[in-house]
Amino acid sequence: MKKGKITVAITITITCFALTTVMFMQFKIVKETDITSIETMREEELRTELANWKQLYNEADEQYQEKSEKLKEYREKQQSTEESTKLIEKELSQIDMYLGKTEVQGEGIIINIKDINNDEEIPPISAEDLLVIVDYLKLAGAEAISINEQRIVNMSDIVYVNNSIIYVNQQRILAPYVINAIGDSVTLESTLLGNGGYVETLKNIGFEVDIQRQNKVIIPKYNKEIGHKYIQ
């Protein structure tokens, strides 16, 4: 009985010693652990993570700047294209106007010429008479001219057939002749009247010619195709 108690006491003592040793070793490990190194390790991890995010941000910012520059370039090109298109359209519109392909209006004069039907000694208005008036108007700065709604352009023909029929742009026209001209109304009128003016000459012969200044003279477009047979 006594021997058994001694054995139990020894076992307990050994167990207590083992537990004490383990606890002492744990305390020693905790005591010797470098808390600073752990914190430093975390700080380095944070710095590394921050550096990674900074790199990603820089890359994203570079892409943003690149895309912004591209967008700016596209907008400038688009604006430039739109401006070029408007400029080309304006130039084409002016060319069409000069070629007579569009109806125009503006300040000018309207000339009405009536033939003399009761005087056999005075010949009727001829194509040459109309050509002279057109030339006078052009010299006076007329920007657009029409005769009986036929637009006069560089390709226009004013011809006299059988000494009785006048054709303008291959279209027959009859008296009275109405000539519309756009330009400075005072200059156009004074060029045709007065000393040396052809309308004044026609009046002196006996033709009834009336000139009216207008703020809005309308001249139709040239309806025929403008083409070339021999120019290459």
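User: What makes two strands count as a pair here?
Analyst: Two strands pair if DSSP finds at least two bridges between them. Strands are DSSP runs of E with at least two residues, and helices are runs of H or I with at least four; both are numbered from the N terminus. Strands of a sheet pair through backbone hydrogen bonds, either parallel or antiparallel. In this predicted model, local features need pLDDT of at least 70, side-chain atom pairs count only at pLDDT 80 or more, and totals for chains, interfaces and linings use all residues. Residues are numbered from 1 along each chain as its sequence is written, and side-chain values use heavy atoms, without hydrogens and water.

User: In what order do the 3 strands of the open sheet stand?
Analyst: The order is β4-β5-β6, with antiparallel pairing. β4 (158-161) and β6 (171-173) are at the edges with a single partner strand each, so one side of each has no neighbour in the sheet. Neighbouring strands are turned by 40 degrees against each other on average, direction ignored. For such angles, axes are lines fitted to C-alpha atoms, for helices over the stretch in contact; angles run from 0 to 180 degrees between N-to-C directions.

User: Over how many bridges do β5 and β6 pair?
Analyst: Strand β5 (residues 165-168) pairs with β6 over 3 bridges. I166 stands opposite I173 in β6.

User: Which helix lies across these strands?
Analyst: Contact means heavy atoms within 4.5 Å. Helix α3 (residues 127-139) lies across β4, β5 and β6, at about 165 degrees to β4.

User: What is a nonpolar core?
Analyst: A nonpolar core is a set of buried Ala, Val, Leu, Ile, Met, Phe, Trp, Tyr and Cys residues joined through side-chain atoms within 4.5 Å. Buried means under 20% relative accessible area, exposed over 50%, partly exposed in between (1.4 Å probe, protein chains only). The largest core here has 31 residues; I111, L130, I133, L137, I158 and I179 have the most contacts inside it. α3 gives the most to this core, with 5 residues. Apart from it lies another core of 6 residues, including V104 and V217.

User: Which residues does L137 touch?
Analyst: Leaving out residues up to four places away in sequence, L137 touches I109, I111, A142, I145, I179, A181, L188 and L192.

User: Where should I look for backbone features in the loops?
Analyst: Start between β2 and β3, where E149 is found. E149 has a positive phi of about 70 degrees although it is not a glycine. E149 is exposed, at 54% relative accessible area. N148, in that loop between β2 (144-147) and β3 (150-152), has a positive phi of about 50 degrees and is not a glycine either.

User: Which residues does the cis peptide bond join?
Analyst: A175 and P176, with omega about 0 degrees. P176 is in the loop between β6 and β7 (177-182).
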